[in-house]
Amino acid sequence: PASEENESSPSLSTNLHLHVGPADRFSNSVLPQANMIFAYSTVWSTSGFSVELGAMVLEEEWNTLLAQSCQDGCIAITTDRALDPQYGWKLVDRLDVENREVFGSTGY
């Protein structure tokens, strides 16, 4: 029976919270507890193009804020700008997708 199967299976709990607003508003409350964050960063300022990453890199302000606020192991997903490895970030993957409003986008 299904009820017996559920009783012996480990319980999984998943919580998803959406917080919209400036990242610095959440730097002391939400970001330190997050396991994963998403930043629509297509229009954020950059420090230029990184040949090593093959990407535009977010400027120091964002790298520092997120690196100081997020816990170790936090997954950060950004759009069209990568986080800079010199702040402790590791680029694991990238995904190029169609986005006609900006002639294509990349998720990092």
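Is Phe103 buried or exposed? Select Phe103 in the viewer, in the loop between strand 5 and strand 6. Because its relative accessibility is 81%, Phe103 counts as exposed. The model on the screen is a predicted one. Most residues other than glycine have a negative phi.

**The whole chain**

Now display the entire protein as a cartoon. It has 2 helices and 6 strands. Read from the N terminus on, the elements follow the order α-β-β-β-α-β-β-β. Of the 108 residues in the protein, 31% are buried. The protein exposes about 8100 Å², and carbon and sulfur atoms supply 52% of that area. Consider also the contacts between residues at least 6 apart in sequence: 58% of them join residues at least 24 apart.

**The loop between strand 5 and strand 6**

Select Asn99, whose place is in the loop between strand 5 (95–97) and strand 6 (105–107). Asn99 counts as buried because its relative accessibility is 18%, and the limit for buried is under 20%. Leaving aside neighbours within four places in sequence, Asn99 is in contact with Gly104 and Ser105.

**Strand 1 and strand 4**

Next, select strand 1 (residues 36–39) together with strand 4 (residues 75–78). The two strands pair in the parallel sense over 4 bridges. To find one point of this pairing, select Ile37, which stands opposite Ala76 in strand 4.

Which residues of strand 4 lie on its covered face, and which on its uncovered one? Ala76 and Thr78 form the covered face, whereas Ile75 and Ile77 form the uncovered face.

Ile75 and Ile77 also belong to a nonpolar surface patch of about 520 Å², together with Met36, Phe38 and Tyr40. Strand 1 and strand 4 are the elements that give two or more residues to this nonpolar patch. Met36, one of the patch residues, is found in strand 1. Show these five side chains with a surface to view the patch as a whole.

**The hairpin of strand 2 and strand 3**

Move to strand 2 (residues 46–50) and strand 3 (55–58). Strand 2 and strand 3 run antiparallel and are joined by 4 bridges. Select Phe49, and then select Met56 in strand 3, which stands opposite Phe49. The hairpin has 4 residues between the strands, and Gly54 in this hairpin takes a positive phi near 65°.

**Helix 2 and what it packs against**

Select helix 2 (residues 60–69) and show its side chains. The buried residues in helix 2 are Trp62, Asn63, Leu65, Leu66 and Ser69. An α-helix has 3.6 residues a turn, so residues three or four places apart point the same way. The buried residues of helix 2 pack against strand 1 and strand 3.

Ser69 is buried because its relative accessible area is 9%. What does the side chain of Ser69 reach at 2.8 Å? It is the backbone oxygen of Leu65. Not counting residues up to four places away in sequence, Ser69 touches Ser27, Leu31 and Pro32.

**Leu31, a partner of Ser69**

Follow the contact from Ser69 to Leu31. The place of Leu31 is in the loop between helix 1 (2–8) and strand 1. Leu31 is buried because its relative accessible area is 8%. Residues up to four places away in sequence set aside, Leu31 touches Ala23, Phe26, Ile37, Leu66, Ser69, Cys70 and Gln71. Ile37, which stands opposite Ala76, is therefore one of the residues in contact with Leu31, as heavy atoms of the two lie within 4.5 Å. Select Gln68 as well: it is 37 residues from Leu31 along the chain, and the C-alpha atoms of the two are separated by 9.4 Å.

**The last stop: Asp80**

Finally, select Asp80, in the loop between strand 4 and strand 5. Is Asp80 buried or exposed? Asp80 counts as buried because its relative accessibility is 13%. Asp80 has a positive phi of about 65° although it is not a glycine.

Methods. Residues numbered from 1 in each chain as written. Predicted model: local features only at pLDDT ≥ 70, side-chain atom pairs only at ≥ 80, totals over all residues. Heavy atoms only, no water. Buried < 20%, exposed > 50% of the residue type's maximum accessible area, 1.4 Å probe, protein only. Pairing = 2+ DSSP bridges. Areas by Shrake-Rupley, 256 points an atom, 1.4 Å probe, with all protein chains shown as cover. Polar contact = N/O pair within 3.5 Å; in protein donor to acceptor, adjacent residues only side chain to side chain. Patch = residues over 30% accessible without salt bridge, like charges linked within 9 Å, V, L, I, M, F, W, Y side chains within 5 Å. Salt bridge = Lys/Arg side-chain N within 4 Å of Asp/Glu carboxyl O.
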